[in-house]
Amino acid sequence: MRHVIALDVGGTGMKAALVGAGPAPGAPPVLLHQTRRATGRERGAEAVVTSILDLAAELRAYGERHFGVPPAAAGVAVPGIVDSGRGIAVYAANLGWRDVPLRALLAERLDGVPVALGHDVRTGGLAEGRVGAGRGADRFLFVALGTGIAGAIGVDGRVEAGAHGFAGEIGHIVVRPGGLPCPCGQRGCLERFASAAAVSEAWAEAAGDPGADAADCAKAVESGDPRAAAVWQRAVDALADGLVTALTLLDPRTLIVGGGLAEAGDTLFAPLRAAVEHRVTFQKVPAIVPAALGDTAGCLGAGLMAWDLLTPTTPTAPKAPSEVTT
């Protein structure tokens with residue numbers, strides 16, 4: 001069975017899969033086999049790269065044993081700054097690497113198969129847009145609300161990386177000029193007010209509990225705590241300001257919101273939809289929907305990137321992906 005390798009590299013762990021083509025042209029990919037490994041980042045950047053290469057080689061061997069052929073291609077998603085065109089993992093603070101020629105290293109380890117390298121959020125956004133919550137939408141914006149905030153701009157089944165690989169960095173739109181300093185060097189960035197980390201920090205202070213986090217804040221909102229409601233609304237207002245800026249520029253048909261903060265469900269989406277609708281004037285409000293693929297999005301997106309290397313056009317997938325084995 002023809003298949004590709006998919007790797008989703010995170011700060012502490014890696015998710016990996018062998019991904020088969022969908023059962024029909026245009027159908028979603030199929031996860032044939034999945035596994036997880038630690039990155040080994042405590043041993044340094046070289047150890048992380050070695051872990052990635054070793055896992056890819058392990059998947060190659062597994063595919064040959066179980067499906068009779070080696071992988072036809074590979075896709076890998078990594079955090080940080082990524083030069084997809086040159087196949088270089090430029091920088092990742094949480095992995096400690098700089099200017100790693102990851103595409104070339106993987107291609108060499110996998111006996112010359114084509115390899116696609118992508119940014120983790122854009123790769124997850126590719127999957128959500130093409131076969132997840134945004135399937136069928138010709139224009140979508142995916143926003144991940146995690147420790148930081150990042151996004152992916154989707155056009156006709158593909159994700160726009162930008163001229164220099166920075167497209168979609170919505171977390172660094174300034175929504176509160178002169179506000180809290182951001183590690184990027186600006187003040188008042190969206191992710192300093194509306195990320196899961198920002199909500200955790202604000203709620204821990206308001207609650208007087210250093211261990212409180214964003215999930216605790218959401219539960220407190222649901223129980224009617226006015227302090228939590230105030231923290232939550234400040235985050236929602238900042239998020240709506242950033243999103244309306246993005247909607248004005250991009251005019252997406254679907255806005256997909258994922259990441260840890262989105263796990264609050266209607267506690268987030270109900271006030272967020274209301275806040276966005278309150279702010280727009282001439283803009284069209286897109287469908288604002290939760291991400292659908294969970295933690296499989298990265299592997300599915302990496303698999304889609306790999307399959308795209310083998311096909312002249314991007315398939316349109318009308319259904320959600322299926323899983324064969326785990």
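Two strands count as paired if DSSP finds at least two bridges between them. Keep that in mind for this predicted model.

**Stop 1**

Select Val-155 and Arg-158. Arg-158, in β11, is the bridge partner of Val-155. Now widen the selection to β10, residues 149-155, and β11. They run antiparallel, joined by 3 bridges.

**Stop 2: the whole sheet**

Show every strand in the order β11-β10-β9-β12-β13. This is an open sheet of 5 strands, and its pairing is mixed. Look at the two edges: β11 (158-160) and β13 (287-290) each pair on one side only. Direction ignored, neighbouring strands are turned by 30° against each other on average.

**Stop 3: the helix on the sheet**

**Stop 4: a helix pair**

Move to α5 (residues 196-207) and α7 (residues 226-250). Their axes come within 10 Å and cross at roughly 155°. Angles over 145 degrees count as roughly antiparallel, and α5 and α7 are therefore roughly antiparallel to each other. The crossing of α5 past α7 is right-handed.

Now show side chains. On the α5 side, pick Val-199, Ala-202, Trp-203, Ala-206 and Ala-207. They meet Arg-227, Ala-228, Val-231, Trp-232 and Ala-235 of α7. What classes of residue make up the contact of α5 with α7? Colour by class to see 9 nonpolar, no polar and 1 charged residues.

Notes:
Residues numbered from 1 in each chain as written. Predicted model: local features only at pLDDT ≥ 70, side-chain atom pairs only at ≥ 80, totals over all residues. Heavy atoms only, no water. Axes fitted to C-alpha atoms, helices over the stretch in contact; angles between N-to-C directions. Helix = DSSP H or I, 4+ residues; strand = E, 2+ residues; numbered from the N terminus. Parallel < 35°, antiparallel > 145°, perpendicular 65-115°, else oblique. Left-handed = near helix turned anticlockwise from the far one by under 90°. Contact = heavy atoms within 4.5 Å. Nonpolar A, V, L, I, M, F, W, Y, C, P; charged D, E, K, R; others polar.
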